[in-house]
Amino acid sequence: MEETLFSLQQYKMTKQKDETLQKIQQQKLAQYQSDFKQFQAFCDEHFLKLDFESLELYLHHLITQQQVRLSTFNRRLAGVKYWLVHEYGFQFTSEHETSIKLLRGLYNHEEYMRLKPMRGKRAEKQSDVLRLIDRYDTDKKSDIRKRAICLVNLITANRPSEMVRLKVSDFDLENRTVQVMMVKQGEMKEKRLTLECVQAIRKYIVSCELIPDDHFVGAADKWGNHTSRQISEVSYNQAIQSWLGFAPYTFRKTQITAMYQNGADIPTIAKQSGHKSHQTIMEHYIKLKSDDVDDYL
C-alpha cells in the first residue's frame with residue numbers, strides 16, 4: 001500500500017515537473033517565433049527545406065543582401081536555432097558551429113564592418129535626469145509613484161525586464177539594498193540604493209498602501225491608484241517615455257556612465273549594473289573621449 005502511494009506521489013510530481021518544463025519551452029518558442037518565421041519565409045520563397053544548409057544560406061543572405069547589424073544577426077540566429085532544436089529535433093554539431101562562426105566572421109571584413117557596432121541609447125547627464133525626475137517631487141499620489149520608480153531605475157541601472165518583476169518584499173530599506181531578479185542570468189542580485197531613493201520608496205509605499213507581495217511598479221490609473229500586477233516591458237517602456245521623454249535604457253546607460261566618471265572601476269560598476277562581462281561595459285557603455293586618453297600619455 002505504501003509503495004503504491006509513493007508511486008502515485010512520484011507520478012504526480014514528475015507530471016508537474018514535465019508541465020513546468022513544457023511551459024518554459026513554450027514561452028521560449030513564443031519569444032523566438034517572429035525570428036523563426038522570417039527564416040521559414042526565406043525557405044518558402046526559395047523552395048528550401050528547414051535544415052542546416054538552408055540556415056547557412058539564410059545567414060549569408062542576412063549579411064550580404066539584407067545587411068543586418070551584428071546584433072540582429074545574433075538574435076535571429078538564436079531564435080532559429082532554438083526552434084530547430086526544440087521543435088524539429090535538429091542537432092547542431094561542432095562542424096555546424098564552425099560554419100556559423102565563419103559566416104559571422106564576415107562582419108570583420110571591410111565591406112560589412114560598419115554593420116558591427118552596437119547602437120544603443122545614449123547617456124544623459126545624471127544631474128539632468130535627476131532634475132526631470134524631481135518634477136514629480138509633489139504630494140500627488142501619481143507623482144510619488146513616478147518619482148520612486150524612476151529613482152530606483154536610475155540608481156540600480158536595472159533593465160526594463162528587471163523593473164517590472166520587482167516586488168516590495170525585494171527591498172531592504174534599512175540596509176539600502178534591493179534584490180533584483182536578473183532574467184538574463186537567471187539569478188537574484190543585490191544592488192545598492194541611495195538615501196534619496198530609499199526616502200522616495202518609503203513615501204511611495206505609504207502613499208499607495210503597498211504590501212510586501214505587491215509588484216513595485218505594478219499598474220496604476222491616472223490618479224496613481226496602484227494595482228499589483230506585473231505589467232509588460234512594452235507598457236513600462238511607454239510609461240517612462242511619457243513621463244521623462246526617453247526610453248528606460250537611458251537610465252541604465254546614464255548611471256553606468258556617471259559611476260565611471262565619478263571614479264568607479266569596472267568591477268564596481270558591474271556589481272551595480274548586473275553585468276557579467278566587463279568587456280560589454282567597456283564596449284557598449286563607456287565611451288572614452290580623446291581628452292581622457294591624453295591625461296594618461
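Which residues form one aromatic cluster? Phe36, Phe39, Phe42, Tyr58, Trp83 and Tyr88 do. Keep in mind that everything shown here comes from a predicted model.

View 1. The close-up takes in Phe36, Phe39, Phe42, Tyr58, Trp83 and Tyr88, which together make up one cluster. Across the structure, the count of aromatic pairs is twelve. Two of these pairs get their own views next.

**View 2. Tyr32 and Tyr82 make a tilted ring pair.** The ring centres sit 5.7 Å apart and the planes meet at 45 degrees, so this one goes down as tilted. Tyr32 is in the loop between helix 1 (2–31) and helix 2 (33–45), while Tyr82 belongs to helix 4, so to speak a link between distant parts of the chain, 50 residues apart. Are these two tyrosines buried or exposed? Tyr32 has 14% relative accessibility and counts as buried, and Tyr82, at 15%, is buried too.

**View 3. Phe52 and Phe92 meet edge-to-face.** Here the ring centres are 6.0 Å apart, and the planes stand at 85 degrees, which is why the pair is classed as edge-to-face. Phe52 is part of helix 3 (residues 52–64) and Phe92 sits in the loop between helix 4 and helix 5, so the contact ties together parts that are 40 residues apart in sequence. Both Phe52 and Phe92 are buried.

**View 4. A salt bridge joins Lys81 to Glu97.** The closest N and O atoms of Lys81 and Glu97 are 3.0 Å apart. What does the pair tie together? Lys81 comes from helix 4 (residues 70–86) and Glu97 from helix 5 (residues 94–104), so the bridge connects parts that are 16 residues apart in sequence. Lys81 is partly exposed at 22% relative accessibility, and Glu97 is partly exposed as well, with a relative accessible area of 34%. The count for the structure comes to eleven salt bridges.

View 5. Arg131 is exposed, at 55% relative accessibility, whereas Asp128 is partly exposed at 31%.

**View 6. Lys203 reaches Asp139 through a salt bridge.** The closest N and O atoms here are 3.3 Å apart. Lys203 lies in helix 9 (residues 195–207) and Asp139 in the loop between helix 6 and helix 7 (141–156), so this pair ties together parts that are 64 residues apart in sequence. Lys203 is partly exposed, with 33% relative accessibility, and Asp139 is exposed, with a relative accessible area of 67%. Elsewhere, salt bridges that share partners join Asp134, Arg147 and Glu196 into one network.

**View 7. Helix 11 is largely enclosed by the rest of the structure.** This helix (residues 249–261) has 13 residues and spans 18 Å from its first C-alpha to its last, close to the 18 Å expected at 1.5 Å a residue. Ten of its 13 residues are buried, so the rest of the structure largely encloses helix 11. Among the buried ones are Phe251, Ile256 and Met259, and also Arg252 and Lys253. Just after the helix, Gly263 takes a positive phi of about 105 degrees.

**View 8. Cysteines without a disulfide.** How many disulfides are there? The count comes to zero. For Cys197, the closest cysteine sulfur is in Cys150, 11 Å away, too far for a bond. Cys197 is buried, at 0% relative accessibility, and Cys43 is buried at 1%.

**View 9. A nonpolar patch on the surface.** Met181, Val183 and Met188 form the patch, with about 250 Å² of accessible area together. Val183 sits in the loop between strand 2 (177–182) and strand 3 (187–192). With 40% relative accessibility, Val183 counts as partly exposed.

Methods:
Residues are numbered from 1 along each chain as its sequence is written. This is a predicted model: local features need pLDDT of at least 70, side-chain atom pairs count only at pLDDT 80 or more; totals for chains, interfaces and linings use all residues. Side-chain values use heavy atoms; hydrogens and water are left out. Patches are made of residues with over 30% relative accessible area and no salt bridge: like charges are joined within 9 Å, nonpolar side chains (Val, Leu, Ile, Met, Phe, Trp, Tyr) within 5 Å. Accessible areas come from the Shrake-Rupley method with a 1.4 Å probe; for residues, only the protein chains shown count as cover. A salt bridge is a side-chain nitrogen of Lys or Arg within 4 Å of a carboxyl oxygen of Asp or Glu. Helices (H or I, at least four residues) and strands (E, at least two) are DSSP runs, numbered from the N terminus. Buried means under 20% relative accessible area, exposed over 50%, partly exposed in between (1.4 Å probe, protein chains only). A disulfide is a pair of cysteine sulfur atoms within 2.5 Å. The expected span of a helix is 1.5 Å times one less than its number of residues. Rings of Phe, Tyr and Trp (its six-membered ring) pair if their centres lie within 6.5 Å; planes under 30 degrees apart count as stacked, over 60 as edge-to-face and the rest as tilted.
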